[in-house]
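Please have the sequence and the model open while reading.

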Amino acid sequence: MPGPTSTQLVISTALARAGPLGGLLAFLLWNLPGLIVLTVCGILLAEFVDPNDPPFWLVGLPPAAISLVFKAFYGFGAKLDSLGIILALLSALIAILINNDERISPTVSQWVFPTTLAFGGLVTYIDHKRVKPWGTYTSPGAGWDRESDETMKRIGIPLWVGGLIISLWAGILVLVIVLKDVANVDNVYLTIFETMYRIGSIIFGGGQVVLPMLQDEVVPAWMTKDQFLQGLGLAQSMPGPLFNFAAYLGAVYKGVPGALIAWSGLFGPGVILIFG
């Protein structure tokens, strides 16, 4: 599912234990420290730090952020089989070529990731049918007991309500895209929410994977590249999921309202879908 993996796991665990209220409470407490600190950091950096002449104590944040991203990438790569390595290299080359092509807008280039993800899924599906597949496959576990009345009662969401919740996610996505790109509504807060909600709806794989999409959208429209990387370094030093980075981006751009709207927009799709 699209969205922040760790947050969705926290929500679903609490949801199965204590229902929708428990899921919402777990979501809030899991993210609140990072939300508060990154919002404050974003406002302070935007107000008191010259983006073209950052102080010495901020100089180390961008390279630290990049090194942490590389560390995560290396950890992902170490778990891949031979077919996975081939698909990862092909996906990386395609993404690099498209991101360096000035004829392709950032909005279009964001669909590269879900497209290559779908292509990878198709290739691995075909490969696992072969007599001697390149990839390494394991059978899925039996999963939870779907007939467990006790678990369903604790969750407290009927199937038809789950369907409505998923429809709500899709409806909001269509609405904000139509308002911004078709009706051309000129409102900065709509732009922030549409950008974050759209990214949150098409991102698979959690925090590290969302970074290229965010950078395409907010640099240089909302901030400089150095400000982006400074915030990334701060976000990676905070507790909670990397999606809290959205609060920093919104705060640098439009203060506290921007932080809350950006944070709600990026988390919104994953939270709605995990309840659905």
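In this predicted model, helix α7 passes α8 in a left-handed crossing. The residues of this contact divide into 10 nonpolar, two polar and four charged.

**Helix packing**

Two packed helices are described by the angle between their axes and the distance between the axes.

| Helix pair | Angle between axes | Distance between axes |
|---|---|---|
| α7 and α8 | about 135 degrees | 10 Å |
| α7 and α11 | roughly 160 degrees | within 8 Å |

Helix α7 covers residues 159-182, and α8 covers residues 188-202. Their angle of about 135 degrees makes α7 oblique to α8. Which residues of α7 meet α8? On the α7 side they are L168, W169, I172, L173, V176, I177, L179, K180 and D181. Helix α8 supplies L190, T191, F193, E194, Y197, R198 and S201.

How are α7 and α11 oriented to each other? They cross at roughly 160 degrees. An angle over 145 degrees counts as roughly antiparallel, and α7 and α11 are therefore roughly antiparallel to each other. This crossing, too, is left-handed. From α7 come I165, I166, W169 and I172. From α11 come P269, I272, L273 and F275. The residues of the contact of α7 with α11 divide into eight nonpolar, no polar and no charged.

**The chain as a whole**

The protein chain has 11 helices and zero strands. Read from the N terminus, its elements run α-α-α-α-α-α-α-α-α-α-α. The radius of gyration is 20 Å, close to the 19 Å that the globule rule gives for 276 residues, so the chain is as compact as a globular protein of that length. The C-alpha trace spans about 60 × 45 × 40 Å along its principal axes.

Of the 276 residues, 38% count as buried. Consider the contacts with a separation of 6 or more: residues 24 or more positions apart account for 70% of them.

**Loop residues**

N184 sits in the loop between α7 and α8. Its phi is near 55 degrees, a positive value in a residue other than glycine. Is N184 buried or exposed? N184 is exposed, with a relative accessible area of 57%.

N244 lies in the loop between α10 (225-236) and α11 (245-275). Its relative accessible area is 1%, so N244 is buried. Which residues does N244 touch? Leaving aside residues up to four places away in sequence, N244 touches N31, G34, L35, L38, P239, W263 and F267.

P220 belongs to the loop between α9 (207-218) and α10. A cis peptide bond joins V219 and P220, with omega at about 5 degrees.

**A residue in helix α2**

G77 is part of helix α2, residues 61-78. G77 is partly exposed, and its relative accessible area is 29%. Its C-alpha atom is separated by 8.3 Å from that of A88, which is 11 residues apart along the chain.

Notes
Residues numbered from 1 in each chain as written. Predicted model: local features only at pLDDT ≥ 70, side-chain atom pairs only at ≥ 80, totals over all residues. Heavy atoms only, no water. Helix = DSSP H or I, 4+ residues; strand = E, 2+ residues; numbered from the N terminus. Buried < 20%, exposed > 50% of the residue type's maximum accessible area, 1.4 Å probe, protein only. Contact = heavy atoms within 4.5 Å. Axes fitted to C-alpha atoms, helices over the stretch in contact; angles between N-to-C directions. Parallel < 35°, antiparallel > 145°, perpendicular 65-115°, else oblique. Left-handed = near helix turned anticlockwise from the far one by under 90°. Nonpolar A, V, L, I, M, F, W, Y, C, P; charged D, E, K, R; others polar. Rg over C-alpha atoms; globule rule 2.2 N^0.38 Å.
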